[in-house]
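Student: I would like to learn how to read a chain interface and a few backbone angles. Can we work through a case?

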Amino acid sequence: MNKLWDWAYAWEALPLLAEASVITIKATLMGFVVALTVGLLFAIGRMVGPMWVRWSVGGVVEFIRSTPLLIQIFFLYYVMPEFGLTMDAMLTGVIALGLHYGAYCSEVYRAGLANVPKGQWEASIALNLSNWTTFKNVILPQAIPPVVPALGNYLVALFKETPLLSVIAVLELMQTAKILGSETFRYVEPITLVGIFFLVFSLVSAALIRRLERHLNAGPGRRT
Amino acid sequence: MRDFLPELLRGVIVTLQVTAGGAVVAVLAALGAALARLYGPTPLRWFATTYVEVFRGTSALVQLFWLFFVLPHFGLTLSPLVVGIAALGLNVGAYGAEVVRGAIGSVTRGQWEAATALNLTRAQALRRIILPQAFVTMIPPWGNLFIELLKATSLVSLITLSDLAFKAQQINQNTLRTAEVFGSVLLVYLALSVLITVAMRALETRAARGLRRGRVG
């Protein structure tokens, strides 16, 4: 029991943690889909909306980025039911993650959109395209590919924040590790295993993003 | 709102303590790791790289829990405040190491060459020529990192430190005025990060001015 590292216990914990990692990955992917969508809406609102939309979206984005995700999770989890909106913990967590990272992603989209040369808009006007058609068919396809790696970095960042969902009792990796630890009074193995899981996942995805970046920069179909 | 404000302010003090302590740890760790990776002997370089990758690759909460729950098994029991400052400082420091590395790399080669021509040793050149210039480019990204640090301090509530986030939960349980409590706590965090932004911007202007004045010709 006083061993620093108990292999038998670690092996016992592994299947439970593997099961929990499915929830972690699910929360990550769902949260990221929300973030990508919300981020694009924020970016569009902030760039082409009427003045009051620009100001309020800008304010919301700054607010979300300047306050801790933990409190945002608590806020959604405890305050929404007061307005008659009761959601289960997982859904609340996904929305919190999605909104938080949506605010970050909107800045990435904004940079991408701003990098499309003005001439593209002018050419579209000359071709008599409507504003919306121009945006959808001309601007967006040029704006998104260059920022894909930056968005990928936020996927990794979002993944690393999923342990926060343990505070509203989502049974993801960290919560499972904590439960295991409290049952056996041994936290060394479960928490270390969780750390290793995150490390491996982050390193692998960072390498994949680097490859993607190179691919997008060197690809034959590159539009300038 | 008025009845729980004093309690919240007590939490703010703990939050500020962890932020300030964490910032000191982060800057020292970042400088050390960046210099080790750039100029250190191979083993030191590996050590610094491992530190950066491990702390950037895992979650801040996992690191906090690891220091809090696992270190005692190695016979090292630290107070929650020390654990919070160390874990968050090391976490932000790992990101900061890349900022420092980038800033040092952005100083033009000619500055090194001029220092060599003046017969300065590498350490002298680094300390008196390169780092002061790198410092100015470093300030804005460090501002962002300090805001990340401030936000991350909310995690120390989970290792029993009674910071702002902890007080929020406590007051919420006692008063059940959920929207008010969490709403005002979010506003306090917002105010603190605006404060950091303003302070860093002031520092940036001063540093840029100092650098211009220090230049000959």
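This is a predicted model: local features need pLDDT of at least 70, side-chain atom pairs count only at pLDDT 80 or more; totals for chains, interfaces and linings use all residues.

Student: How many residues of chain B are in contact with chain A?

Tutor: Start with the contact count. Here 35 residues of chain B touch 36 residues of chain A. Then turn to area. The two chains bury about 3000 Å² between them, with 77% of it on carbon and sulfur atoms. B:His73, B:Lys151 and B:Leu186 provide 20% of what chain B buries against chain A, more than any other three residues.

Student: Which elements of chain B give two or more residues to that side?

Tutor: The elements are α2 (42-57), α3 (60-70), α6 (122-152), α7 (164-175) and α8 (178-214) of chain B. The largest share, 10 residues, comes from α8(B). By residue class, the side of chain B that touches chain A has 20 nonpolar, 11 polar and four charged residues.

Student: How many salt bridges and polar contacts link chain B and chain A?

Tutor: Check the two separately. Polar contact joins 10 residue pairs, both residues at pLDDT 80 or more.

Student: Now the backbone. Where does B:Asn119 lie?

Tutor: In the loop between α5 (109-117) and α6 of chain B.

Student: What is the phi of B:Leu176?

Tutor: About 60°, positive in a residue that is not a glycine. B:Leu176 sits in the loop between α7 and α8 of chain B. At 62% relative accessibility, B:Leu176 also counts as exposed.

Notes: Residues are numbered from 1 along each chain as its sequence is written. Chains are lettered from A and ligands numbered from 1 in the order in which they are written. Side-chain values use heavy atoms; hydrogens and water are left out. Contact means heavy atoms within 4.5 Å. Buried area is the accessible area (1.4 Å probe) that two parts lose on being put together, summed over both. A polar contact is a pair of N or O atoms within 3.5 Å; within protein, one must be able to donate a hydrogen and the other to accept it, and residues adjacent in sequence count only if both atoms are side-chain atoms. Helices (H or I, at least four residues) and strands (E, at least two) are DSSP runs, numbered from the N terminus. Ala, Val, Leu, Ile, Met, Phe, Trp, Tyr, Cys and Pro count as nonpolar, Asp, Glu, Lys and Arg as charged, and the others, Gly among them, as polar. Buried means under 20% relative accessible area, exposed over 50%, partly exposed in between (1.4 Å probe, protein chains only).
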